[in-house]
Amino acid sequence: MPFKNICIFGAGALGGAIAAKLSSSLGADATLSVVARGAHLRAIQCDGLRLLEAGANAPLVARVEATDDPRELPKQDLVITGLKGHQLSAAADGIGHLLKEGTRVLMILNGIPWWYFHRDQQSGHAELQFDELDEGGKLWHLIGPHRVIGCVAHQGAEVSSPGEVKLSNNGHFILGEPSGEITDDLRDVEALFRRADIGVKLSSRIRDDIWSKLMGNASFNPISALTRSLMSEMMADAALSDQIGKVMKEVKAVGEALGANVGMSVEQRLEQAQQIGPVRTSMLQDLLAGKSLEITPLVGMVVVLGRLAAVPTPVSETMLALVSRLDRENCRADM
Ligand SMILES: NC(=O)C1=CN([C@@H]2O[C@H](COP(=O)(O)OP(=O)(O)OC[C@H]3O[C@@H](n4cnc5c(N)ncnc54)[C@H](OP(=O)(O)O)[C@@H]3O)[C@@H](O)[C@H]2O)C=CC1
Ligand SMILES: CC(C)(CO)C(=O)C(=O)O
């Protein structure tokens, strides 16, 4: 059944971009709402959600129903989360309020998601859960991995000012069921995105896409935060891109040891990164905004899963120690 009531929970950079685009394409029989907070929420409520697409001069302005209290909203057919991985557990109760039988939850996430091993037939670890990603199993129990549609974002975006999101490229989102099936729900989301001019691809092996993307995020994101560098600055620095390549090699080895087919070589992934240009990674954006960093799904889990698969990850361990320290200092500076 096509989705009629849609809520974007965490309408930040990517969630905000999707909300703005969907709002201009949904029919009169559909509803769209967003859950946001703070100054960003107030700006959306007063002036609308503004989206500046790559290369556009004028923003698309979307008037959307916005709240910080999901209990004010009705049950939804589709919830799209745009939260960072480390913000999900705290939002689990709120997301839970929006769910009814059959609600699907599309989770835009970098790194290893909490549901990774649900219906996984590649690794020999089906249904394994990690407290590091899902404290006390809250997400598993309140949302349930059976509702999840996996999503890998090849789209750069930033909240440029309260109420405003800026896209850095014309990217796309890869969507896949944990089971690998190409279901009617997946096709319905694909149609929804296409109508809204959002780039989309379907995958029957979403874990492969997760690992290919993670080769970049486990390396670019912590190094960009540690050195306060743009993507283009890191790629132009031979010593940094050498370290990036070493992390990529570890990530690929861990993914493959867990049964993923990480099609891309380190050289190809580095080449892809060259094309991204003068972009601040999402981790650097958070560092500069004094927010806590999304470390566990992107860096910590490479180390954890490396141990599970008996693959050494010494460079990722160093990244983890350094960026965790940076995060603690950054949060302390905010107090
Ligand atoms: N930005 C990018 O270019 C890319 C991001 N990604 C990945 O996509 C995911 C989303 O990232 P991104 O779009 O950058 O995230 P953002 O940080 O821009 O957006 C998250 C939003 O959710 C809000 N939020 C957090 N918790 C709650 C809550 N309980 N109630 C209401 N609002 C809440 C945050 O508010 P607050 O700011 O107050 O915390 C923020 O506005 C991440 O996993 C990221 O790694 C992937 C590819 C590129
Ligand atoms: C590195 C980048 C920009 C690639 O899209 C990204 O995924 C992020 O900022 O988290």
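In UniProt, an unreviewed entry puts the "Ketopantoate reductase C-terminal" domain at residues 206-325. In this predicted model, that stretch is 73% helix and has 0% strand, and its end C-alpha atoms sit 32 Å apart. The entry, again unreviewed, also carries the annotation "Ketopantoate reductase N-terminal", which covers residues 6-178.

How far can the coordinates be trusted, going by the predictor's own scores? The mean pLDDT of the chain is 96, and 99% of its residues reach 70 or more. For the complex, the predictor gives an ipTM of 0.98 along with a pTM of 0.96.

Next comes ligand 2. Around this ligand are Asn110 and Gly156, then Gly216, Asn217, Phe220 and Asn221, and finally Ile276, Val279, Thr281 and Ser282. Helix α6, which runs over residues 206-227, is the biggest giver to this shell, with 4 residues. Sorted by class, the shell holds 7 polar and 3 nonpolar residues, and no charged ones.

Gly150 is a handy spot from which to look at the chain. This glycine is part of strand β8, residues 148-154. Is Gly150 buried or exposed? Buried, because 24 other C-beta atoms lie within 10 Å, and the cut-off for calling a residue buried is 20 or more. Leaving aside residues up to four places away in sequence, Gly150 touches Met107, Pro113, Leu175, Gly176, Pro178 and Ile206.

Helix α8 takes in residues 238-257. The buried residues of α8 are Ile244, Val247, Met248, Glu250, Val251, Lys252, Val254 and Gly255. As a reminder for reading such a list, an α-helix has 3.6 residues a turn, so residues three or four places apart point the same way. After α8 comes Gly259, which has a positive phi, near 95°.

Technical notes:
Residues numbered from 1 in each chain as written. Chains lettered and ligands numbered in written order. Predicted model: local features only at pLDDT ≥ 70, side-chain atom pairs only at ≥ 80, totals over all residues. UniProt positions renumbered as here; feature names shortened; annotations may be inferred. Near = placed C-beta within 6 Å. Helix = DSSP H or I, 4+ residues; strand = E, 2+ residues; numbered from the N terminus. Nonpolar A, V, L, I, M, F, W, Y, C, P; charged D, E, K, R; others polar. Buried ≥ 20, exposed ≤ 12 C-beta atoms within 10 Å, placed from the backbone. Contact = placed C-beta atoms within 7 Å. Expected span 1.5 Å × (residues − 1). pLDDT = per-residue confidence, 0-100.
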